[in-house]
Amino acid sequence: MGIFSNGNVTNGIPTAKPSTSLWDLDASQVKVTLTDAPKVIPPLESLKFGQVMTDHMIVATFHPQTGWSIPEIKPYGPICLDPASSCFHYSTSVFEGMKAYMGADGKTRLFRPELNMARIKRSVDRVALPAFNTGALITLIRRLVTIEERWIPKLSGYSLYIRPTVIGTRPGKLVFLTSLGVTASDQAMLYVICSPAGPYFRSGMRPTSLLAVGENVRAWPGGTGCYKLSLNYGSTMKPLKDAERQGYNQVLWLLGEQVTEAGAMNFFVVVKRDDDGWDVITPALDGTILPGVTRDSCLALMAAHPSRTILPQIPDGVCLHPQERTITMSDLVQWDTEGRLLEAFSVGTAAIVTAVGRIGYNGKDIRIPDYEGGPGPVAKALYERILEIQDGRVKWEGWSTICA
Ligand SMILES: *Cc1c(COP(=O)(O)O)cnc(C)c1O
């Protein structure tokens with residue numbers, strides 16, 4: 001990040017900008033203003049995912065002449081933007097989704113935040129927004145989590161959802177006929193908001209249903225599906241609404257015959273092998289798949305079973321074979337017909353693991369075996385182990401970062 005260097009700062013105001021370089025995001029300069037009207041935290045039972053925001057947010061802005069401003073943590077509230085801002089017209093907008101967890105030891109933790117930071121860096125670059133020091137953003141987020149600690153429900157499965165966002169704020173010239181209209185945004189805003197999170201799906205841990213959709217495509221080769229860009233999500237709303245109208249909870253996105261993702265989660269299936277082992281298959285990262293932190297964690301934990309750790313729930317003698325490869329709808333139909341389709345589940349930060357009970361395809365349902373109305377052994381094992389690592393009960397390869 002050679003263009004950045006940080007010079008002198010007095011009382012939070014830059015006094016001597018280095019002449020040849022721009023300011024980078026600098027967590028040590030953060031200006032903290034606490035709210036004088038803390039909100040009343042709603043009762044746990046009424047906590048629906050992402051509906052209530054906490055008291056504070058992080059905000060920093062980028063200007064092409066000066067670079068990144070001094071970051072602020074300040075009371076949560078509206079932001080004021082020029083209606084011609086690039087983000088509104090050309091979707092120069094990227095985001096992340098991560099969580100903070102409260103451990104039984106009373107410490108708050110982030111789960112593998114460096115992976116979210118590596119991903120936001122790639123997303124920001126893909127829409128030509130200005131880069132920033134992502135290590136500084138982790139430091140700022142840890143500070144924010146510490147300030148918002150009272151918002152993290154002290155119950156297993158509850159957490160604080162964190163949404164870092166970067167938007168292009170350059171007021172564009174709204175002219176498409178010349179080269180002046182659609183250009184990179186050389187002004188930007190970075191902000192981070194938080195929301196207390198309970199169980200994501202209304203059905204809790206009960207299996208969900210997916211409708212396989214091929215006529216609307218979420219991601220394609222050479223497209224942007226592997227980045228967390230806002231522009232990937234707006235166009236999924238109508239197909240989701242249609243699926244819900246047909247009685248399904250989510251969309252299983254296809255690319256031709258190929259299965260890609262389930263809603264905004266990565267998709268896995270468990271298939272019985274001839275040797276009594278189980279294949280646990282998820283599509284490979286070929287550019288059409290969002291490289292999920294949860295996906296990566298599931299693959300790593302399954303690869304470590306049973307040599308380096310014993311996952312709960314997995315029957316003795318069953319060997320798990322995690323695989324990243326193409327899954328087609330004909331594969332699913334065939335495995336179902338042969339009675340080898342043991343489980344299907346989707347994974348992501350919001351819900352960790354959600355079991356799939358049926359998949360609608362060509363007017364019929366593929367039914368996944370019922371495990372007394374709950375998730376199957378692999379889904380359950382991954383859910384339990386990841387939760388244990390997230391709240392600090394189990395230590396695993398530096399996957400937890402303590403906030404304070
Ligand atoms: C965020 C996201 C995921 C899950 O990623 P995690 O890092 O595990 O939360 C999966 N698919 C899509 C399309 C996503 O946007």
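How many helices and strands does the secondary structure of the protein come to? The count is seven helices and 21 strands, taken as DSSP runs numbered from the N terminus, with helices being H or I of at least four residues and strands being E of at least two. The radius of gyration of the protein is 22 Å, close to the 22 Å that the globule rule gives for 404 residues, so the protein is as compact as a globular protein of that length. That radius is taken over C-alpha atoms, and the globule rule is 2.2 Å times the number of residues to the power 0.38.

Before selecting anything, note that this is a predicted model, in which local features need pLDDT of at least 70 and side-chain atom pairs count only at pLDDT 80 or more, while totals for chains, interfaces and linings use all residues. Residues are numbered from 1 along each chain as its sequence is written, and side-chain values use heavy atoms, with hydrogens and water left out.

**Whole chain**

Show the C-alpha trace: along its principal axes it spans about 70 × 60 × 40 Å. Of the 404 residues, 51% are buried, meaning under 20% relative accessible area, with exposed being over 50% and partly exposed in between (1.4 Å probe, protein chains only). Among contacts (heavy atoms within 4.5 Å) with a separation of 6 or more, 72% join residues 24 or more positions apart.

**Lys-228**

Select Lys-228 next. UniProt, in an unreviewed entry, places the feature "modified residue: N6-(pyridoxal phosphate)lysine" here; UniProt positions are given in the numbering used here, feature names are shortened, and annotations may be inferred rather than shown by experiment. Lys-228 sits in the loop between strand S12 (208-213) and helix H4 (237-245). Its relative accessible area is 13%, so Lys-228 is buried. Leaving aside neighbours within four places in sequence, the contacts of Lys-228 include Val-94, Phe-95, Glu-96 and Gly-97, along with Arg-119, Ser-123, Tyr-233 and Leu-290.

**Tyr-233**

From Lys-228, move to Tyr-233, one of its contacts. Tyr-233 is also in the loop between S12 and H4, and is buried at a relative accessible area of 14%. Not counting residues up to four places away in sequence, Tyr-233 touches Phe-95, Arg-218, Tyr-227, Lys-228, Ala-264 and Leu-290.

**Ser-195**

Now select Ser-195 in strand S11 (residues 188-197). Is Ser-195 buried or exposed? Ser-195 counts as buried, because its relative accessibility is 3%.

**Backbone stops**

Go to the loop between helix H5 (293-303) and strand S17 (320-324), where Pro-306 lies. The peptide bond from His-305 to Pro-306 is cis, with omega near 5°. Gln-313 is in the loop between H5 and S17 too. Gln-313 is not a glycine, yet its phi is positive, about 80°. With a relative accessible area of 36%, Gln-313 is partly exposed.

Finish at Ile-352, in strand S19 (residues 352-361). Ile-352 has a positive phi of about 65° although it is not a glycine, and is buried at a relative accessible area of 5%.
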